[in-house]
Amino acid sequence: MSASHVDVLLSLWASTLARHGDAPPFADHKDLYDMINASEVGDIRWQSFEGNYTGEKPSTNPPPWMDTAYDVWFCDPCLSTSDHIASTVHRDERQWGDFMSGNWAWDQADLIAEDLQTIGSMFVPIMLGSDKMTVSVTMRNNEYYPLYLSIGNVHNSVRRTHQNAVVLIGFLVMPKTTKEHATNTNFRKFCRQLFHSSVAKIFESLKPAMSTPEVVCFGDGHYHQVIYGLGPYIADYEEQVLLACIVRGWCLKCLANRENLDEDALHRCRDYTEALVEKGTLGELWDDFGIVGDLVVIKGTFKDHLVNWVEKIAAVASFSGLRCFPQGHGFKQWTGNDSKALMKVYLPAIEGHVPQDIVHTFRAFLEFCYLVRHNIIMETTLNEIQDALQCFHCYREVFKTTRIVLTFFLPHQHSLKHYFHHIKLFAAPNGLCSSITENKHIKAIKEPYRCSNHFNALGQMLVTNQHLDKLAAMRADFLRCGMLHGTCLSGLIQEHPEPKTEPPRAGQAETTTQEEGIRARADDEDVETDDGPKVIEAHLQLAKTPQGKKHAQTVAALAHELGIPHLTTVL
């Protein structure tokens with residue numbers, strides 16, 4: 001809420017209290033902000049550092065990006081994680097559900113138990129996510145690169161909700177340059193180096209606690225030793241390429257060549273990559289192994305490939321819970337909700353309009369999608385996921401035989417092969433979906449931007465996010481102290497209880513209520529009374545609204561519209 005709106009709300013509040021000779025707790029937005037800033041609960045200040053190009057520069061007319069200083073803003077991840085842990089808001093057959101049920105967390109716990117210095121410490125995995133975004137297409141300098149943090153100890157359901165399980169800890173930099181220098185090799189290298197150097201600088205304070213236990217206060221008021229560890233990073237393929245220093249078009253997880261991604265290959269490991277970087281040349285690393293050596297997920301497959309391989313979406317009749325796509329699939333910008341809605345109607349839409357093997361391809365892939373979305377994945381579910389993937393690989397050959405595509409060597413589709421292994425390592429993918437960071441954009445970026453005056457908005461957005469974090473921490477502290485139990489009405493009733501009724505005086509006839517009189521007469525007349533709940537029957541009739549003439553009004557017309565001649569017989 002902007003400052004002007006806060007003032008209007010406080011004025012309305014003051015007008016309702018004036019008749020009682022009272023006033024609201026805050027005079028205006030400045031008074032409110034001063035109170036929030038004075039609170040020491042959740043007080044994590046924003047910090048910044050500068051990044052600039054330090055390589056060789058041309059002697060004359062160097063590109064502008066070489067002389068520009070880039071500001072990176074961040075919150076101390078050590079303090080953010082400690083505050084996250086202290087919050088009280090978050091609470092036969094092998095099952096993989098929440099992140100801590102995966103094998104990777106168990107393996108890290110085994111390593112902690114083997115070290116005498118860290119034995120007995122609690123493992124706190126750090127989960128990161130970043131996603132470039134644009135807040136407004138009509139304003140200048142409106143692109144932001146937020147960095148988010150969460151911990152793996154909270155439940156997946158909590159991380160997916162709009163609570164403070166995912167926090168904003170930084171704004172990364174997107175260097176800009178002129179069109180003539182945009183494809184320059186040095187500029188691209190500088191962008192990659194700036195990204196990795198910024199992330200390393202932000203987590204500099206957390207590095208000591210990854211090997212030496214740190215004492216942290218938990219939500220129950222007790223102190224425990226913890227060891228931090230960097231866990232999964234939530235990002236789309238383009239950012240994964242940047243993170244892993246891999247050439248675009250290669251797989252980040254295995255050593256499969258980009259010319260034949262369907263072949264089985266060993267998983268990448270750090271020791272092997274470091275040995276290649278040490279022995280090989282930059283050209284060999286780039287061409288033969290897909291490694292960028294000069295540096296110190298479902299929506300993609302469904303929307304980017306399968307939908308584009310089928311020319312037209314057939315018309316679908318209106319039905320509760322389903323969306324219609326009257327303009328086909330020509331969206332300028334896709335969202336996760338668009339993809340999910342299209343997945344619901346796509347299969348019946350193409351039935352009868354495309355070869356049957358294409359329908360089987362979509363059916364197998366959709367089965368795979370819905371299985372990996374389960375909140376809890378069991379061993380039998382893993383086998384079903386593998387079966388669905390094999391069917392998908394079998395039936396998709398129809399796109400090659402019909403000359404729609406020439407090859408299936410696509411990183412998005414190839415990544416499906418690694419789901420089986422990743423589910424065992426990191427548990428259900430439902431808690432590591434990129435939609436988590438996309439949803440966080442609304443509260444952390446878009447709404448604070450709208451509350452700003454749009455001039456040098458980043459500084460105002462930082463202050464707004466700091467206020468929101470402090471309010472969330474204060475609410476958690478108030479809950480822990482028992483200050484938010486009940487409602488205003490229940491608190492008023494406790495302060496002013498109703499007076500007790502005095503017993504009738506001697507000689508005064510006791511009055512009986514109508515219900516007591518009825519019960520007395522029922523006893524005298526030996527009549528049964530119904531002690532059940534009182535039920536009032538009511539009938540509600542909605543106003544009739546005219547229906548458009550674009551759709552069929554009779555069963556016969558509907559059968560003709562849908563192209564199902566035997567519909568009347570079925571009904």
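Helix axes are lines fitted to C-alpha atoms, over the stretch in contact, and the angles between their N-to-C directions run from 0 to 180 degrees. Two packed helices are described by the angle between their axes and the distance between the axes. The structure is a predicted model, in which local features need pLDDT of at least 70 and side-chain atom pairs count only at pLDDT 80 or more, while totals for chains, interfaces and linings use all residues. Residues are numbered from 1 along each chain as its sequence is written, and side-chain values use heavy atoms, with hydrogens and water left out. Helices (H or I, at least four residues) and strands (E, at least two) are DSSP runs, numbered from the N terminus.

Helix H13 (residues 356-372) packs against helix H14 (residues 379-395) at an angle of about 155 degrees, and their axes lie 8 Å apart. H13 is therefore roughly antiparallel to H14; angles under 35 degrees count as roughly parallel, over 145 as roughly antiparallel, 65 to 115 as roughly perpendicular and the rest as oblique. H13 passes H14 in a left-handed crossing. A crossing is left-handed if the near helix is turned anticlockwise from the far one by less than a right angle, and right-handed if clockwise. From H13, the contact (heavy atoms within 4.5 Å) involves Asp357, His360, Thr361, Ala364, Phe365, Glu367, Phe368, Leu371 and Val372. From H14, the contributors are Thr381, Glu384, Ile385, Ala388, Leu389, Cys391, Phe392 and Tyr395. By class, the residues of this contact between H13 and H14 comprise 11 nonpolar, 3 polar and 3 charged. In this classification, Ala, Val, Leu, Ile, Met, Phe, Trp, Tyr, Cys and Pro count as nonpolar, Asp, Glu, Lys and Arg as charged, and the others, Gly among them, as polar.

H14 also packs against helix H17 (residues 419-426); the axes come within 10 Å and cross at roughly 160 degrees. This angle makes H14 roughly antiparallel to H17. The crossing of H14 and H17 is right-handed. Leu382, Ile385 and Gln386 of H14 make the contact with Phe420, Ile423 and Lys424 of H17. The contact of H14 with H17 has 4 nonpolar, 1 polar and 1 charged residues.

In the loop between H17 and H18 lies Ala427. Ala427 is buried, with a relative accessible area of 2%; buried means under 20% relative accessible area, exposed over 50%, and partly exposed in between (1.4 Å probe, protein chains only). Although Ala427 is not a glycine, it has a positive phi of about 70 degrees.

The axes of helix H18 (residues 435-451) and H19 come within 9 Å and cross at roughly 125 degrees. H18 and H19 are therefore oblique to each other, and H18 passes H19 in a right-handed crossing. Lys443, Ala444, Ile445, Pro448 and Tyr449 in H18 meet Ala457, Met461, Thr464, Asn465 and Leu468 in H19. This contact of H18 with H19 has 7 nonpolar, 2 polar and 1 charged residues.

H19 (457-480) is also among the elements that cover the buried residues of helix H2, as is helix H1 (3-18). In H2 (residues 29-38), the residues His29, Leu32 and Ile36 are buried. Seen down the axis of H2, the buried residues fall within an arc of 65 degrees, so they line one face of the helix; the arc is that of the directions from the helix axis to the C-beta atoms. On the other side of H2, Lys30 and Ala38 are exposed.

Ile44 is placed in the loop between H2 and strand S1 (46-51). Ile44 is buried, at a relative accessible area of 15%. Residues up to four places away in sequence aside, Ile44 touches Cys75, Asp76, Leu79, Ser80, Asp83 and Gln466. The C-alpha atoms of Ile44 and Pro77 are separated by 9.6 Å, with the two residues 33 residues apart along the chain.

Cys245 occupies the loop between helix H8 (237-244) and helix H9 (270-279). Cys245 counts as buried at 15% relative accessibility, and it has a positive phi of about 55 degrees although it is not a glycine. Cys245 and Val292 are 47 residues apart in sequence, and 5.1 Å apart in space, C-alpha to C-alpha.
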